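The following account is intended to be read alongside the coordinates. Please keep the sequence and the three-dimensional view open together.

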Amino acid sequence: MSGSWRPVVAVGCHVVFEDRAWQVVGLEASVVRLVDEQGAAADVRHLCGSPGFRVVGAQAVPGAPQWGLFEGVSERQRERALAWQRHIQEVECGLPAGPGASGVPRPAYDPARWSMAEREQAKAEELTALGWPKVSRATVVRMRANYRQRGLWGLVDHRTTRGSSRTGRADERVVVAGLEALRRQRGQSKGTVAGLRRLTVEILDEAHGPGAVAMPATFYRLVRALADPRELPGRPARTATVPAAPFTPTNVLRPGEQVMLDTTRLDVMVVFDQGVVGRPELTIALDVATRSILAAVLRPASTKAVDAALLLAEMAVPHPMRPGWPKVLELSHAAVPYERLLALDARLDGAAARPVIVPETVVVDCGKVFVSEPFLAACETLGVSVQSAPPRQPAAKGPVERTFGSINTLLCQYVAGSNVTLRGRDVASQARWTLPQLQDLLDEWITAGWQNRPHEGLRHPMMPRACLSPNEMRGALVAACGYLPVPLTGDDYTELLPVVWKAVTDRGIRVDHRTYDHAVLNPHRGHPSPVTAQGGKWEVHHNPHDLRQVWIRLPNGKLTEIPWIHRDHATSPFNDHIWQYLKTQVARRPDRDHYEAALVRALDGHAGQDRAALPGTGRPRRA
């Protein structure tokens with residue numbers, strides 16, 4: 001087999017199969033009969049495709065010609081490589097045209113008369129006589145090995161195919177210092193190349209002494225070669241000219257398999273609690289499989305970690321019908337298997353036609369809200385895995401980004417204040433809605449509009465031409481996958497609220513100059529908590545967006561609501577932002593009760609100021 005150009009399995013040859021030596025003793029159709037040294041026989045159907053199979057004594061087979069690379073070199077190099085191919089074939093089989101060609105080998109290259117080493121020496125002498133520079137037998141051996149490993153591409157002179165260095169002839173010390181300067185600036189606020197040059201000079205002076213290394217005049221070109229195009233100093237962090245890296249979209253087949261969370265500034269002008277007009281923040285949870293908006297929360301200022309945690313609970317709790325909503329918005333009228341769902345959970349009776357889904361995986365970006373401890377703890381409590389989207393690649397969260405655009409075109413354009421590039425003059429004076437009113441409008445639109453509107457991306461495999469609505473798609477997938485997580489209860493919602501540890505005194509529970517009291521606390525006043533190890537303090541949950549009550553965990557293990565003693569004076573919810581603002585406006589009193597009463601009076605005046613600031617009753621005042 002040593003003279004064969006390609007390995008051939010024939011009767012009598014020796015092969016290696018399953019790390020053992022065998023001899024081929026028979027061939028019949030696709031069956032090869034093998035016998036080993038001990039006389040054991042085996043019939044094999046997939047011999048050549050088995051791992052580790054090879055023919056003993058056969059030479060390596062050159063791969064297919066890399067014509068794409070081969071066409072990229074100069075014509076002179078191509079001619080030289082083709083000439084070497086003919087010479088190597090003549091050395092190995094005696095004919096320049098290769099094995100199988102007709103003809104008689106030249107006397108110096110007849111394999112029957114001369115060994116391989118003698119034929120290699122004869123070829124080296126022949127090429128030297130023809131004027132080829134520096135051709136020895138070692139050169140012929142090396143070219144044969146290259147041809148065996150890389151085919152025709154191995155015969156090309158690769159000194160002509162080497163690419164140029166990114167840094168050119170720059171001093172290696174300057175290159176190392178530039179990379180160190182870029183590393184120090186990674187994650188920091190971006191500056192200009194001039195600032196990076198100054199930092200590079202400082203690094204060089206520290207390493208080699210002041211003025212020991214001169215800065216090249218081509219430093220700007222060097223920085224462009226070393227820096228990531230998306231992190232180049234002097235350019236924005238997100239450049240439209242840099243294409244996003246390729247990604248593979250994830251295929252989801254059941255509701256809740258993948259839910260995307262994101263936050264954006266809504267293109268709507270609303271009146272906040274302080275009478276100030278501005279744009280709220282919208283945080284939504286979108287189910288990728290059904291394109292259902294599971295939860296949507298509006299906040300006047302930056303969204304907090306507790307908002308993201310409560311978003312998980314809101315999407316897993318049935319949405320109640322609001323006063324004034326028509327009966328057609330009930331879940332019983334939606335395109336879902338209502339009777340089957342009601343048999344599993346009686347709380348769905350009378351609920352709104354909004355999906356209730358406990359997500360398996362949530363996809364978030366690298367915002368502080370979604371990487372905070374409260375949010376991650378809430379996900380761990382609910383058994384939800386968190387998957388981070390790659391940075392600076394909005395296409396990785398394309399469904400939720402596109403949903404924001406749909407909300408702007410389908411809802412926000414009909415509310416005072418539109419996109420910043422489309423709004424008219426004095427749009428702040430046209431604001432007519434408060435934040436709670438806009439939240440009600442958003443919830444009703446999601447239930448009545450979005451969930452029942454056909455979506456181009458939702459197709460049933462049995463009806464590929466028909467666009468399905470999110471509710472219809474959820475009904476189809478629930479029937480197909482037969483999987484429905486049990487929704488959370490109101491107690492689960494309370495469990496996800498932030499926790500503070502407080503003592504139960506004779507006056508009740510004191511939280512940030514607010515007193516909460518109820519008769520249920522009478523047996524526990526002055527006693528340490530028997531169910532916690534926090535120095536005897538009691539576990540108290542509170543809602544930062546409604547401070548009119550707290551929840552305490554009693555010895556029976558249940559969370560019990562404790563009202564604020566001044567809740568009768570606060571008829572509407574108020575958040576922690578307003579309370580902290582009032583504390584800056586009211587002078588501290590030595591007596592805690594008098595100070596709390598003064599804060600309550602300021603809260604009443606603040607609420608009256610907000611009512612007077614509504615559009616149509618006067619010019620909005622700034623708190």
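The model is predicted, and its mean pLDDT is 77, with 77% of the residues reaching 70 or more. Two stretches call for caution. Over residues 1-5 pLDDT stays under 50, and the model has 15 contacts beyond four places in sequence for them. Over residues 610-623 pLDDT likewise stays under 50, and here the model has 29 such contacts. Where pLDDT is low, the predicted coordinates should not be read in detail.

The protein contains 16 helices and 20 strands. Of its 623 residues, 41% count as buried.

Helix H2, residues 75-93, has 19 residues and reaches 27 Å from its first C-alpha to its last, close to the 27 Å expected at 1.5 Å a residue. The buried residues of H2 include Gln77, Ala81, Ala83 and Trp84, as well as the run His87, Ile88, Gln89, Glu90, Val91, Glu92 and Cys93. H2 is followed by glycine 94, whose phi is positive, near 95°. Helix H13, residues 470-481, has twelve residues and should span 16 Å at 1.5 Å a residue; its end C-alpha atoms are 16 Å apart, so expectation and model agree. Among the buried residues of H13 are Pro470, Asn471, Met473, Arg474 and Leu477.

In soluble globular proteins, nonpolar side chains tend to be buried together. The largest nonpolar core has 32 residues, of which Leu266, Leu282, Ile293 and Leu442 touch the most other members. At least two residues of this core come from each of strand E9 (281-287), strand E10 (292-299), helix H11 (398-410), helix H12 (435-448) and H13. The largest share, five residues, is supplied by H12. Leucine 282 illustrates how the segments meet: leaving aside neighbours within four places in sequence, its contacts include Leu266, Ala296, Val297, Leu298, Phe404, Ile407 and Leu442. A second, separate core of 24 residues includes Val511, Ala570, Phe574 and Trp579.

Beyond four places in sequence, isoleucine 357 is in contact with Pro255, Gly256, Asp287, Leu294, Met315, Ala316 and Arg474. Another partner of isoleucine 357, Arg474, is one of the buried residues of H13.

The last site concerns a charged residue. Aspartate 36 is placed in strand E3, residues 31-36. With a relative accessible area of 9%, aspartate 36 is buried. Which side chain does aspartate 36 meet in a polar contact? The partner is arginine 20, at a distance of 2.4 Å between the side chains. Not counting residues up to four places away in sequence, aspartate 36 touches Arg20, Ala21 and Trp22.

Key: Residues numbered from 1 in each chain as written. Predicted model: local features only at pLDDT ≥ 70, side-chain atom pairs only at ≥ 80, totals over all residues. Heavy atoms only, no water. Helix = DSSP H or I, 4+ residues; strand = E, 2+ residues; numbered from the N terminus. Expected span 1.5 Å × (residues − 1). Buried < 20%, exposed > 50% of the residue type's maximum accessible area, 1.4 Å probe, protein only. Core = buried A, V, L, I, M, F, W, Y, C linked by side-chain atoms within 4.5 Å. Contact = heavy atoms within 4.5 Å. pLDDT = per-residue confidence, 0-100. Polar contact = N/O pair within 3.5 Å; in protein donor to acceptor, adjacent residues only side chain to side chain.
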